Amino acid sequence: MPGYDLHTHTTFSDGTTTPEDNVRLALEAGLEGLGVTDHDTVASWGRARAAAHGTELEIVPGAELSAEHGGYSVHVLGYWFDPAHPQLAAEIDRLRNERERRAEEIVLRLQELGVGVTIERVRELAGAAPVGRPHIAAAVVEVGAAADAGEVFDRWLHDGGPAYVPKYAVSPERCVDLIVAAGGVAVLAHPALYGPSDGEGARTGVADDVIARMAARGLAGIEAAHPDHEPGEREHYLRLAADLGLVVTGGSDFHGDRKDLALGEVTTHRERVEALRGRRPSGGSLPRPSPSTPTRHTG
């Protein structure tokens, strides 16, 4: 069945493909809609919309915002919000600026650990995008200190790792508040990928009580369908979504060459997108797209 990939990234954050590339891939996959959800920025919206103009592909404007609870990351996807809303716009600007400061500190720590990476090269690799850990990892691989980005994260950059630097982030509840205040809907991204350690290095996922508090503040959905979720994790979040009255979504979390997966690999049914849209404070008044060519659907 046709569907929407509600979680993709471009060169405006830590992806390796342009908005135009992602629109082309979405059309080739026969998707109905494409979520444009770069980290802490809305800069890719205009180019994605322009690339999709004249097609039946709906661009779902969004962003993946950084939150934190108890020392671990919580990522929140916001959709259909007003990017000019003063409080949300100020928070997004602050998050972007904080990325630069954090990158400089991480590079200094890596240098102290004997890794010959420079902030100048990291900035070159990031280009116009806000600097993130994937750009730092790429620079580390480039100097031959690791075989791939996965090794860089495992050895140095994971939460609590020897080169990890805490970043400024709002609480998950505050993140939901900001998105809702700006007229959007908030969805918890890939909840199984973060959370406290189980003592052996594995993450236990965002705690259920944190998700419940987010739901009480207006969280609309949960990304239970994600390429990196194990079947048992997905089932857990499906049950939790039912208990909390949340819309279940899915997305590929496409990053181009940074991840071995395809845009549209995980999608969300149109009915769920409509249910999510209906959670907007404005009542979900955005125009609906016309039907498009079917594609594989898994979420």
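Predicted model: local features only at pLDDT ≥ 70, side-chain atom pairs only at ≥ 80, totals over all residues.

1. Let's start with the largest pocket, which holds about 1100 Å³ of space. Its lining counts 36 residues, and those closest to the centre are Arg-133, Pro-134, Phe-153, Tyr-194 and Lys-259.

2. Which elements give two or more residues to that lining? They are strand 3 (58-69), strand 4 (72-79), helix 3 (86-112), helix 5 and helix 6 (149-157). By class, the lining of the largest pocket has 14 charged, 12 nonpolar and 10 polar residues.

3. Helix 5 (residues 133-142) is also worth a look for its partner, helix 4 (residues 119-126): the two axes come within 9 Å and cross at roughly 115°. The crossing of helix 4 with helix 5 is right-handed. Helix 4 makes the contact with Arg-121, Val-122, Leu-125 and Ala-126, while helix 5 brings His-135, Ile-136, Ala-138, Ala-139 and Glu-142. Sorted by class, this contact has 6 nonpolar residues, 2 charged and 1 polar.

4. Next, please turn to helix 7 (residues 172-181), where Pro-172, Glu-173, Cys-175, Val-176, Leu-178 and Ile-179 are buried. A reminder for reading that list: an α-helix has 3.6 residues a turn, so residues three or four places apart point the same way.

5. What do the buried residues of helix 7 pack against? Their partners are strand 3, strand 4, helix 3, strand 5 (185-188) and helix 8 (208-216). Strand 3, strand 4 and helix 3 also give residues to the lining of the largest pocket.

Terms used
Residues numbered from 1 in each chain as written. Heavy atoms only, no water. Axes fitted to C-alpha atoms, helices over the stretch in contact; angles between N-to-C directions. Helix = DSSP H or I, 4+ residues; strand = E, 2+ residues; numbered from the N terminus. Left-handed = near helix turned anticlockwise from the far one by under 90°. Contact = heavy atoms within 4.5 Å. Nonpolar A, V, L, I, M, F, W, Y, C, P; charged D, E, K, R; others polar. 1 Å grid on protein atoms, 1.4 Å probe; cavity = no way out; pocket = protein on both sides within 12 Å on 5 of 7 lines; lining within 4 Å. Points joined across faces, edges and corners; volume = space filled by probe spheres on them. Buried < 20%, exposed > 50% of the residue type's maximum accessible area, 1.4 Å probe, protein only.
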